[in-house]
Amino acid sequence: MTLRSILVPVRGDGKGEGVLDHALSLARRHNAHLEVLHCRPKPEDMIPFGVPIPAALRKSIVSSAGSLADEEESKVRKLFDDYCANRGVAEVDSFPWPQDQVSATWREATGKQANVIGLRGRLTDLIVVPQPDHEQNLGLNTLQAALLESGKLVLMCPAKPVDAVGAKIAIAWNGSGEAARAMTAALPVLKKADSVTLLAPEGKQLPISAEEAKVYLETHGVACGVQLFKRTSDPVGKILLDNAKKAGADSLLMGAYGQSRQRELIMGGVTQYVVDHADLPILLMH
């Protein structure tokens, strides 16, 4: 399998260009197609729930919400057109897409972004989303929907300039089913990488060792190394991020939410730490 389609949700929050930069960097390694998706909110979703509102005011809110949605759609679409023109990305309206270059299509959908991504993401190879912004309470629902409802690989992008994505990849390996699913799902990305490094805890008996995982990857034509790390009092997520940088990786691949999502979000966990603190692109698979 090859990486052919990448879904990139965008909205007028100022993060669209950064997310597209990450998606484009990876797409160029695969001549993949970018499906750039903007979700218009339903006007009725702007009406406060459970609050009695006179009919005239309700009509005014719906009308105003529709106008604001039109303005945002027009603004974001122009940013997309300018982005493609400035970076030499071919815009196409429908399938088939070019096989020998990166291409992009603009898509519009109506509804909450998280709901739309959870559905539309099921028919793409990879979903690219921004790192959630906790201060603005923005992006976490979309990330979780992409991870838990699509069944696809997800690339989470920090809000910083990107040099490369997918050239040098570190894999968080602990022998778990989540780690194995992530590694298998990412095979098309791993095969195009210049280097791959398995990160595993030193001296710990794993259900499946890093050396066994290395052999599995090599049977698929992925040359890789193993980098063992010592467990310290630091959170495992921090250790993984630090060792990914030590390995010279431009991105970290890991299984997501090994515990139940609710438990991990409440108690904290490896996935949540990485989501909150990552400063390099993270490839996630649930």
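Me: What makes β3 and β4 (residues 103-110) a parallel pair?
Reply: Strands pair if DSSP finds at least two bridges between them, and two bridges join β3 to β4, which run parallel. Strands here are DSSP E runs of at least two residues, and helices are H or I runs of at least four, numbered from the N terminus. The model is predicted: local features need pLDDT of at least 70, side-chain atom pairs count only at pLDDT 80 or more, and totals for chains, interfaces and linings use all residues. Residues are numbered from 1 along each chain as its sequence is written, and side-chain values use heavy atoms, leaving out hydrogens and water.

Me: Why are β3 (90-91) and β9 (225-229) called edge strands?
Reply: Eleven strands form an open sheet of mixed pairing, in the order β3-β4-β2-β1-β5-β6-β11-β10-β7-β8-β9. β3 and β9 each pair on one side only.

Me: What makes helix α3 (residues 113-120) packed on the sheet?
Reply: Contact means heavy atoms within 4.5 Å, and α3 touches β1 (5-10), β2 (33-40), β4 and β5 (126-130). Its direction makes about 145° with that of β2; axes are lines fitted to C-alpha atoms, for helices over the stretch in contact, with angles from 0 to 180 degrees between N-to-C directions.

Me: Why does Cys39 count as buried?
Reply: Buried means under 20% relative accessible area, exposed over 50%, partly exposed in between (1.4 Å probe, protein chains only). Cys39 has 8% relative accessibility, so Cys39 is buried. Cys224, at 11%, is therefore buried too.

Me: How many disulfides does a search of the whole structure find?
Reply: A disulfide is a pair of cysteine sulfur atoms within 2.5 Å; the search finds zero.
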